[in-house]
Amino acid sequence: AGSGSVANCVCDAGYYDYQDFMFGDDACLSPTIAIVSFKATVQMSAAEFDAVREGYIAGVAVALGRAESNVRIVSEVSVASASSRRLLSDSLVVETAVKVPAGEADSVAWSITPNLLNSELWWIQVSEISEVRVHTAAGVFTRSAPLAGIIVGITCAVLVLGCVLVAWYM
């Protein structure tokens, strides 16, 4: 679906470039494929994570119902933060990419939570999920908080109800 080396990927018409997500020869993917990426914060150092890296990939694959070959670790960033229990508490932000059929991308993106991942990664413990994105041929979409939509909906309903009550009393 493309030519040249992965570093110089030139995708054929109708295909798009995913080389940022390290899927090797599959860097040029069809519009029927999407990538769901997210950042998972785990409470361990980079050295500790290195020892469980393959287990993390396997756990994410099982939790999301995907093959291990469709899960990639894109980046890892160490974060040291003050803690009341320890002077420094190591944590690691692991950016992860999962290749999925485009029609399943939204449901996969919405399913990614610490609880879901921890059901398969109990020995790692994901404390936070952030920056969940769906990458498709049409562009990149960020999962927004559902609460914002609910608040807007409730606000609109209250305004409409208020207008109805005002009209009824007049």
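I then noted the pLDDT below 50 over residues 1-7. Beyond near neighbours in sequence, that stretch has 16 contacts in the model. Residues 145-152 also fall below 50. I found two contacts for them beyond near neighbours in sequence. Where pLDDT is low, predicted coordinates should not be read in detail. For the protein, the mean pLDDT is 77, with 64% of residues at 70 or more.

Next, the core. I looked up the largest nonpolar core, which has 31 residues. Val36, Phe38, Phe49, Tyr56, Val60 and Leu117 touch the most other members. Helix 1 gives the most to this core, eight residues. Elements giving two or more residues include strand 5, strand 6 (71-82) and strand 7 (88-101). Helix 2 (105-111) and strand 8 (126-136) are also among them.

I followed up leucine 117. Leaving aside neighbours within four places in sequence, leucine 117 contacts Phe38, Val60, Ala63, Ile112, Val126 and Ile129.

Last entry: glutamine 43. Where is glutamine 43 placed? I found it in the loop between strand 5 (33-42) and helix 1 (46-64). The relative accessible area of glutamine 43 is 41%, so I logged this residue as partly exposed. Its side chain makes a polar contact of 2.8 Å with the side chain of serine 127. I also checked valine 79, 36 residues from glutamine 43 along the chain. Their C-alpha atoms are separated by 9.5 Å.

Note on methods:
Residues numbered from 1 in each chain as written. Predicted model: local features only at pLDDT ≥ 70, side-chain atom pairs only at ≥ 80, totals over all residues. Heavy atoms only, no water. Helix = DSSP H or I, 4+ residues; strand = E, 2+ residues; numbered from the N terminus. Buried < 20%, exposed > 50% of the residue type's maximum accessible area, 1.4 Å probe, protein only. Polar contact = N/O pair within 3.5 Å; in protein donor to acceptor, adjacent residues only side chain to side chain. pLDDT = per-residue confidence, 0-100. Contact = heavy atoms within 4.5 Å. Core = buried A, V, L, I, M, F, W, Y, C linked by side-chain atoms within 4.5 Å.
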